[in-house]
Amino acid sequence: MAASGKDREKIEKRVSYLGPEGSYSSLAARQFFTGEEISGLPCKSFYEALQMLREGNADYAVLPVENTLQGAVTQSLDLMYESEGICAVQEYVLRIDHRLIAKEGTRLCDVRRVFSHEQAIMQCGKFLARELPQAEIIYTESTAQSLQRIEKAGDAGIVGSHICEPGFSFIGGSIADEPKNFTHFLLATKGKIPVSSEKIYFAATCPHEPGALLKVLQILAVYDLNMTKIESRPIKNSPGEYCFFIEFKGNIADKNVSSALERLGEYTKNYKLLGCY
């Protein structure tokens, strides 16, 4: 019996993310669709993952936007700001547990090259400086990909504790600079804004004048909206100008939220709604 249109829609959710399988982004993708069947689309970069969504080759894209150790994932923020018609509709906070992996029998003192994604390298900076000052650091497209680069006994990679392959083993335990390490992921889609939400995420550039940012924040205060996050990014090709990424608690269906968003559009140079989740 052929599947109904509704069944096909349920099964054929195409989700792009930074791959390969086993990356933290792939874990987040599964968490967004727990209990559902998805078609995973591993990509080589955040840009490619979002490009697949923009071009209609994916229904959703998974993007990390913040880590508790390293702060904002700036490339993801820039990509979301530059992409028209893209809106985040869900959030998920994933526990990150970095481990040093190498071929079985490799000792810590044997390691001469360490492979991993730039974010993982930075999040384990203290361990690398203390334990492996002699090692060459080589960036890979993702943490999971670092496993593919291990060729000899002197090679090691930084991967998630969920990675397990025959012939490899972890050297020691968790190696992140802090034990409580979490990454905030957003699930983005194209052309859809939820009818209700718990949080709103937007980006705005302010006029270059005294008190411009204060006016934006005062709008949130006037409408009794609790800001949960704010960060800034420099505007490309405009030295001295910044884009502010702001998240606050609010239901997109509430009148005071819609009124606040209208006011924000009036008091900013460039305003963009990034997410309702």
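**Cores, helices and a sheet**

Mentor: The largest nonpolar core has 21 residues, and Leu50, Met80, Leu186, Tyr201 and Phe245 have the most contacts inside it. A nonpolar core is a set of buried Ala, Val, Leu, Ile, Met, Phe, Trp, Tyr and Cys residues joined through side-chain atoms within 4.5 Å, where buried means under 20% relative accessible area with a 1.4 Å probe, protein chains only.
Trainee: What kind of model is this, and how are residues numbered?
Mentor: It is a predicted model, in which local features need pLDDT of at least 70, side-chain atom pairs count only at pLDDT 80 or more, and totals for chains, interfaces and linings use all residues. Residues are numbered from 1 along each chain as its sequence is written, and side-chain values use heavy atoms, leaving out hydrogens and water.
Trainee: Which residues does Phe245 touch?
Mentor: Leaving aside residues up to four places away in sequence, its contacts (heavy atoms within 4.5 Å) include Leu77, Tyr81, Tyr201 and Leu274.
Trainee: Changing topic, how do helix 8 and helix 9 cross?
Mentor: The axes of helix 8 (residues 212–222) and helix 9 (residues 255–267) come within 10 Å and cross at roughly 170°. Axes are lines fitted to C-alpha atoms over the stretch in contact, with angles from 0 to 180 degrees between N-to-C directions; helices are DSSP runs of H or I, at least four residues, and strands are runs of E, at least two, numbered from the N terminus. The two helices are therefore roughly antiparallel (angles over 145 degrees).
Trainee: Which residues make that contact?
Mentor: Helix 8 contributes Lys215, Val216, Ile219 and Leu220, and helix 9 contributes Ala260, Arg263, Leu264 and Tyr267.
Trainee: And which residue stands opposite Ala102?
Mentor: That is Ser169 in strand 10.

Technical notes. Buried means under 20% relative accessible area, exposed over 50%, partly exposed in between (1.4 Å probe, protein chains only). Angles under 35 degrees count as roughly parallel, over 145 as roughly antiparallel, 65 to 115 as roughly perpendicular and the rest as oblique. Two strands pair if DSSP finds at least two bridges between them.
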